[in-house]
There are 2 protein chains.
Amino acid sequence: MDLLKQGWFSELNDLWPGMSLSLEVQEVLHKEKSQFQDIMVLQTKSHGKALILDGIIQCTESDEFAYQEMISFLPLCCHPSPKRVLIVGGGDGGVAREVAKHPDVEKIDQVEIDERVIEVSKKYLPSMAVGFSHPKLSLHVEDGFKFMQQHEQAFDVVITDSSDPVGPAVSLFQESYFSLMKRALKPGGIVCSQGGTTWANPEHVAQTLSHCKATFPAAAYGFASVPTYPTGQIGFVIGSLNEETNFKEPVRIFSEEELESMQMRYYNADIHRAAFILPRFAQKILSSETHISDRNNNPGDVA
Amino acid sequence: MDLLKQGWFSELNDLWPGMSLSLEVQEVLHKEKSQFQDIMVLQTKSHGKALILDGIIQCTESDEFAYQEMISFLPLCCHPSPKRVLIVGGGDGGVAREVAKHPDVEKIDQVEIDERVIEVSKKYLPSMAVGFSHPKLSLHVEDGFKFMQQHEQAFDVVITDSSDPVGPAVSLFQESYFSLMKRALKPGGIVCSQGGTTWANPEHVAQTLSHCKATFPAAAYGFASVPTYPTGQIGFVIGSLNEETNFKEPVRIFSEEELESMQMRYYNADIHRAAFILPRFAQKILSSETHISDRNNNPGDVA
């Protein structure tokens with residue numbers, strides 16, 4: 001299935017067995033092996049540039065806005081006053097770009113482990129890496145897990161924009177990471193992590209959500225449509241120190257005029273509410289806390 | 001990109017240029033050229049059996065329920081008393097299976113042009129083709145467009161479960177077809193057609209919706225997540241003869257107990273409401289009626 005020589009990039013991974021999305025490639029713009037992972041930037045034929053880490057599509061210019069807006073504004077709009085924000089991961093700069101749009105945000109810290117992802121994004125993905133040049137941002141190149149250990153009651157919102165739970169991001173899906181995030185939050189703080197999809201990985205979503213529920217008095221799972229991610233969507237696990245937080249109802253609602261001036265292409269308050277409405281099969285998977293190990297199959301697995 | 005010999009089926013079409021979903025194949029169960037189209041049934045490795053028409057995935061056993069439930073229950077639950085239902089297309093039987101679940105439905109007519117799709121589905125996809133054996137159903141093997149011409153004020157709901165606007169289904173996306181459906185409806189009747197996605201084909205969606213709006217006093221576009229369709233979702237264009245129909249608010253709301261006994265895996269009233277909540281870029285595409293020809297690009301096209 002290595003089609004690169006035939007003009008197509010195909011994404012294959014054991015996390016979504018038996019299916020593969022391919023993008024037609026005009027040019028391989030960049031390819032390197034960093035200290036942490038394989039980094040590739042493709043000029044695709046129909047989806048703009050694509051950033052690939054360890055063979056997995058992280059973002060394409062055609063649909064990255066959906067992911068970046070949602071992982072940022074779901075938590076930001078559930079917090080009454082998100083002044084201090086921490087971004088873990090997010091080496092392409094897209095989440096920083098979005099978080100900086102929120103008028104209440106005063107200071108953003110971002111910790112990304114792989115400096116090469118940042119540099120490559122600055123060179124090839126300027127529409128995302130523009131986030132790095134925002135005056136609100138302080139960028140730290142180090143391990144997110146370790147960074148979190150050094151901070152206590154420091155942030156209103158922590159956003160974890162990680163790759164999937166293989167490779168350098170594994171520790172960011174563990175319960176110990178949720179405990180560290182809890183410690184790093186100010187009172188009433190909110191966390192939001194990339195959380196996989198209930199179509200391809202119900203067991204991972206259920207496990208990540210159960211870690212979040214075990215750590216935070218309020219927790220939920222929402223999702224957004226992103227065509228170039230496996231199964232065409234991506235989910236978010238979100239938790240709050242305030243047990244009264246109702247994630248389905250944003251406390252900050254931007255007007256159409258504000259959303260327009262913020263150049264929002266996906267998010268608004270209605271989309272926020274709808275993100276937490278799950279199909280019945282997904283509701284069932286996530287509402288039962290037990291037998292996680294029994295849920296290792298595709299929801300529609302008929303084999 | 002013909003990978004069948006390497007154990008993968010890849011879906012390529014000009015309707016979604018530059019991207020392709022591939023499914024790993026265990027066995028090609030059936031392959032024929034009918035009078036109307038190429039028909040193939042694959043035993044996939046992780047998605048059950050898949051029905052392929054003219055190289056396009058029509059359904060897989062892993063996620064067909066999402067599509068069949070939504071194209072059926074969005075219109076059925078917007079109608080106060082859907083007794084007579086017409087299904088156009090739907091040769092796999094899945095829509096008939098779903099429509100027959102609605103307790104108000106007394107009689108279902110289904111018109112499918114390709115008898116071979118019906119026969120192949122009966123042999124290889126019995127969990128869908130079970131719809132054909134329901135006592136409420138009368139099956140007609142003929143052209144849906146012509147069938148519609150012969151019926152006037154006959155149906156409460158018309159569901160058009162067609163393939164994409166290439167090949168035998170082209171006429172089902174034209175304004176003349178919407179006019180015929182209008183004539184075939186009883187007062188207060190509702191239509192629902194497969195309508196493509198705003199990610200891959202904003203211009204087609206906008207055009208189909210504009211035909212519906214030109215014909216019916218109330219019209220809307222909703223969508224559902226279906227991982228094995230291009231961009232991971234599929235849309236529905238829905239219209240009503242009753243100008244007061246609010247598609248976002250179902251008039252028939254089934255209880256959890258009813259949904260459970262109906263074996264619903266995707267649909268409930270909340271999912272119904274959320275189906276009509278569109279991201280900002282899609283809202284904009286569908287709210288402006290003009291310059292359809294200017295919208296021939298991917299929403300995120302950055303080329």
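1. Basis. The model is predicted, with local features needing pLDDT of at least 70 and side-chain atom pairs pLDDT 80 or more, while totals for chains, interfaces and linings use all residues. Residues are numbered from 1 along each chain as written, chains are lettered from A in the order written, and side-chain values use heavy atoms, without hydrogens or water.

2. Position of B:Asn268. This residue sits in the loop that joins helix 8 (256–261) to helix 9 (269–274) of chain B. Helices here are DSSP runs of H or I, at least four residues, numbered from the N terminus. Between the C-alpha atoms of B:Asn268 and B:Ser255 there are 8.5 Å, with 13 residues separating the two along the chain.

3. Surroundings. B:Asn268 is counted as buried because its relative accessibility is 5% (buried: under 20% relative accessible area, 1.4 Å probe, protein chains only). Apart from neighbours within four places in sequence, B:Asn268 has contacts (heavy atoms within 4.5 Å) with B:Glu256 and B:Leu259 of chain B, and with A:Arg280 and A:Gln283 of chain A.

4. Side chain. From B:Asn268, the side chain reaches two backbone nitrogens: that of B:Ile271 at 2.8 Å and that of B:Asp270 at 3.1 Å.

5. Interface. Of the interface residues of chain A, 100% are also interface residues in chain B, so the copies meet through the same surface.

Technical notes:
Helices (H or I, at least four residues) and strands (E, at least two) are DSSP runs, numbered from the N terminus. Buried means under 20% relative accessible area, exposed over 50%, partly exposed in between (1.4 Å probe, protein chains only). A polar contact is a pair of N or O atoms within 3.5 Å; within protein, one must be able to donate a hydrogen and the other to accept it, and residues adjacent in sequence count only if both atoms are side-chain atoms.
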